Amino acid sequence: MNSGQKKRNFQIEAFKHKVVVDPKYADKTWKILEHAIHEIYNHNASGLSFEELYRNAYNMVLHKFGEKLYSGLVSTMTFHLQEMSKCIEAAHGGSFLEELNVKWSDHNKALQMIRDILMYMDRTFIPSTNRTPVHELGLNLWRDNVIHSTKIKTRLLNTLLELILRERTGEVINRGLMRNIIKMLMDLGPSVYHDDFEKPFLEESADFYSAESQEFIECSDCGDYLKKAERRLNEEIERVSHYLDAKSEAQITNVVEKEMIANHMLRLVHMENSGLVKMLLDDKFEDLGRMYNLFRRVPNGLSTIRDVMTSHIRDTGKQLVTDPEKSKNPVEFVDCLLAKRDKYDKIIISAFNNDKTFQNALNSSFEYFINLNPRSPEYISLFVDDKLRKGLKGVKEEDIELILDKVMMLFRYLQEKDVFEKYYKQHLAKRLLSGKTVPDDAERSLIVKLKTECGYQFTSKLEGMFTDMKTSQDTMQGFNATYGSELGNGPTLVVQVLTTGSWPTQPSVTCNLPAEMSALCEKFRSYYLGTHTGRRLSWQTNMGTADLRATFGNGQKYELNVSTHQMCVLMLFNNADSLSYKEIEQATEIPSSDLKRCLQSLACVKGKNVLRKEPMSKDIGEDDAFSVNDKFTSKLRKVKIGTVVAQKESEPEKQETRQRVEEDRKPQIEAAIVRIMKSRRVLDHNNIIAEVTKQLQSRFLANPGEIKKRIESLIERDFLERDNADRRLYRYLA
């Protein structure tokens, strides 16, 4: 086609000749269609020609008789539905729903066939005149003539509610029939289902569960009640899945939750001998899990459980840490704490879905009661000491890590971490020096954990102690290489050289060493000072140990492992059969309290009594006399006597440690104040207190009174000054 050629418009014209329609055409055709609708409703549709009926309906619409066809359909269907309604009304008892179901099924089948016949009207006449489509019309007419008929509406609702009640009380009902009837209400539109069934169903259910929960709670314990509530909840969810609208699930579960759980929440958790506390005490994981899962469904449910649990943990924890019996044995004390923590960890993981808010509540509870006992830092360090001394022998590496992690968990709760550090350093020193520690790996692993938690400063001195032990080994190798030939068969010496700043300060105790040992010590001193210039050595005899070979009256030979002080005492008996307390004190110059403890372990401990005391008693008196116990026997060749073990500090020692801690805190508080004031320049009193407390809380809980004293001290030394106008303001002086 050429582009220049004109486009031609095509037009379809109507027929020139006029089609003449029979004046009675519409009536005749409608009669045929009306008869067909009657036959369909009377189950005689098999003889009908649907093609012919469709054509008739098509022609009626085409010839503008759509209105007649539509109004005829409405009146014919209404007639049949009213007839059906009478049959349904006449049905008795259980056959009422069955009759309704049958008639509904018949109506649906009839409606399908009628819609097929009137498809053309549905497509053209109905949209153009805004009428209701045939299928929807059929549903509306069923609703108005059957479901909303005065004799059926109330009867239908009562029947449905009665069947549900019977099912709730344990009877078996025809769920298939229920499903069909409820589906019918849903097909008639959301408002029909909601107004005619769901709303009254929920009201009836609320009354039912309100009464039942009241009855249950009077005669059940908490665990049984929760089982019943859970069963009821599951039944309702199952009921929805079988024959109610899926959207009803949220509504009906809300009713059960409100009536059976929310309304009785406090009574359930506080129920005597079966409530939450009893469940926690008895490790009722299943019941606790059930309570958690039910309570989480209602507002404030979980916070109710959490508050009661927190209160219980705090109360029992407080009893534990303030119990004087438990405090007698530090290891047992910490074991109880760890057992308590394990118990509640297990409950939270297995019953409370590892809920983070419950974990936080557990942590805050532990932090609260652990710090009620001022000796907690010391006891945790003693627990570590016990485990690293002897308690981890033969334990797998991963199990050791597990124990250390648990210790770190308790350590995190401590507000006075610096007090723990003080004790830990003392106990570590004793372990390293007595050689009573498990492999270095466990010790170092704990130090790494402490370093990660608190930073390098916290552990630098602890690491220095390990360095000293290694350096001492090298020093001894050098000493033995230099003097080995001179020493011959005499006593051997092992020295640990400790850097003063790294190790806990020990008061230096004077002691007269036996001549042979004294000479050996002098040799070492001259060797060490010869290889290291500018250093000073002072002997810490109270921290050493010695191995002695001893022969008793019956010729029995033993190797005795004793402290340096005990060695000094025993060596005196090489030259004397009997010595008085005064003579021993004069010869050794060991301080009285140490000497008494030392003699007690040599003469008064059964199985270790290598000395005999006159008169026999548990305590050492200044008039006592001592001699070698010739009758001493032991099953072991090596006998360990009175080794230094970490024990709970006595009250004066505790006061002394506390004083040292307080002294150590002063420079730390001052440093924090200066750091803060340097960056802020001007700050008021309350804010300084808050900032200092916050900065130092990883080490200890700073006392506001002490912070105030440190501020005064810094003002005296011209680091800070008070503002002239406002005395509560401080200024930093560069």
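Biologist: Which residue of β5 is the bridge partner of L611?
Modeller: V628 is the bridge partner of L611 in β5. This is a predicted model: local features need pLDDT of at least 70, side-chain atom pairs count only at pLDDT 80 or more, and totals for chains, interfaces and linings use all residues. Residues are numbered from 1 along each chain as its sequence is written, while side-chain values use heavy atoms, leaving out hydrogens and water.

Biologist: How many bridges join β4 to β5?
Modeller: Four, and β4 runs antiparallel to β5, residues 625-628. Two strands pair if DSSP finds at least two bridges between them. Strands (E, at least two residues) and helices (H or I, at least four) are DSSP runs, numbered from the N terminus.

Biologist: Switching to helices, how many residues of α15 are buried?
Modeller: Eight of the eleven residues in α15 (285-295), so this helix is mostly covered. Among them are D287, R290, Y292 and F295.

Biologist: What about S241, buried or exposed?
Modeller: S241 counts as exposed because its relative accessibility is 58%. S241 sits in helix α11, residues 222-243.

Biologist: Where do H43 and N353 lie?
Modeller: H43 is in the loop between α1 (25-41) and α2 (50-62), and N353 is in the loop between α18 (330-350) and α19 (356-370). Phi is positive for H43, near 65 degrees, and for N353, near 60 degrees. Most residues other than glycine have a negative phi.

Biologist: How accessible is N353?
Modeller: N353 is partly exposed, because its relative accessibility is 49%. H43, at 58%, counts as exposed.

Biologist: Last one: at what angle do α4 and α7 pack?
Modeller: About 150 degrees, with the axes of α4 (95-117) and α7 (134-147) 10 Å apart. Axes are lines fitted to C-alpha atoms, for helices over the stretch in contact, and angles run from 0 to 180 degrees between N-to-C directions. The two helices are therefore roughly antiparallel (angles over 145 degrees count as roughly antiparallel, under 35 as roughly parallel, 65 to 115 as roughly perpendicular and the rest as oblique).

Terms used. Buried < 20%, exposed > 50% of the residue type's maximum accessible area, 1.4 Å probe, protein only.
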